[in-house]
Amino acid sequence: ETNRQGEQEFLDGLVDAEFAREEHEVPPSFLRNALADRSDEEFLLLFSELKQRTYTLYRFTRHGEAQCESEAQAMSVSE
């Protein structure tokens with residue numbers, strides 16, 4: 001279940017528009033401290049949801065077109 005209104009309809013709409021969908025777990029490096037001026041502890045206090053949710057990385061590629069012209073990516077947050 002997600003917190004984003006219309007997310008499933010958006011994802012399904014891309015598939016209906018003939019995009020191929022790939023789903024991948026977000027790599028741990030995506031969840032690391034991205035704030036150069038904050039400690040890891042401060043980062044986790046500011047972004048506590050990173051420990052509470054499961055994140056999915058979506059990649060959409062249109063069928064039959066050159067990959068460099070047809071890629072669309074979306075990141076979704078799932079609980």
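Tutor: The count of salt bridges in this predicted model comes to three. Side chains of opposite charge can pair when their charged atoms come close.

Start with Arg 21, whose side chain meets that of Asp 12 in a salt bridge with 3.9 Å from N to O. The cut-off for a salt bridge is 4 Å, so a distance of 3.9 Å counts. Arg 21 also meets Glu 23 in a salt bridge, here with 3.4 Å from N to O. Asp 12, Arg 21 and Glu 23 are therefore linked in a network of salt bridges.

How buried or exposed is each member of this network? Asp 12 has a relative accessible area of 31%, so it counts as partly exposed. Arg 21 is partly exposed because its relative accessibility is 31%. Glu 23 has a relative accessible area of 48% and is partly exposed too.

The remaining salt bridge joins Glu 42 to Arg 38, and the closest N and O atoms are 3.7 Å apart. Glu 42 is partly exposed, at 34% relative accessible area. Arg 38 is partly exposed as well, at 40% relative accessibility.

Now place these pairs in the chain. The protein chain has three helices and three strands, and along the sequence they follow the pattern α-β-α-β-α-β. Helix 1 covers residues 7-16 and strand 1 covers residues 19-25. Glu 18 lies in the loop between helix 1 and strand 1. Glu 18 has a positive phi of about 70° although it is not a glycine. Most residues other than glycine have a negative phi, and most peptide bonds are trans. Glu 18 counts as exposed, because its relative accessibility is 55%.

Next comes the nonpolar side of the picture. The largest nonpolar core has five residues, namely Leu 11, Leu 14, Phe 19, Tyr 58 and Phe 60. Helix 1 and strand 2 (54-62) each supply at least two residues of this core.

The count of aromatic pairs comes to two. In one of them, Phe 43 and Phe 47 have ring centres 5.1 Å apart and planes at 40°, so the pair is tilted. Phe 43 is buried because its relative accessibility is 6%, while Phe 47 is partly exposed at 32%. Tyr 58 and Phe 60 form an aromatic pair that is stacked, with 6.3 Å from centre to centre and 20° between the planes. Tyr 58 is buried at 7% relative accessibility, and Phe 60 is buried at 0%.

Leu 31 is in the loop between strand 1 and helix 2. Not counting residues up to four places away in sequence, Leu 31 touches Val 26, Phe 43, Leu 50 and Tyr 55. The C-alpha atoms of Leu 31 and Lys 51 are 8.8 Å apart in space, although these residues are 20 positions apart in sequence. Leu 31 has 29% relative accessibility, so it counts as partly exposed.

For the chain as a whole, 22% of the 79 residues count as buried. The protein chain exposes about 6100 Å², and carbon and sulfur atoms supply 47% of that area. Among contacts with a separation of 6 or more, 59% are between residues 24 or more positions apart.

Where pLDDT is low, the predicted coordinates should not be read in detail.

Key:
Residues numbered from 1 in each chain as written. Predicted model: local features only at pLDDT ≥ 70, side-chain atom pairs only at ≥ 80, totals over all residues. Heavy atoms only, no water. Helix = DSSP H or I, 4+ residues; strand = E, 2+ residues; numbered from the N terminus. Buried < 20%, exposed > 50% of the residue type's maximum accessible area, 1.4 Å probe, protein only. Contact = heavy atoms within 4.5 Å. Areas by Shrake-Rupley, 256 points an atom, 1.4 Å probe, with all protein chains shown as cover. Core = buried A, V, L, I, M, F, W, Y, C linked by side-chain atoms within 4.5 Å. Phe/Tyr/Trp six-rings, centres within 6.5 Å; stacked < 30°, edge-to-face > 60°.
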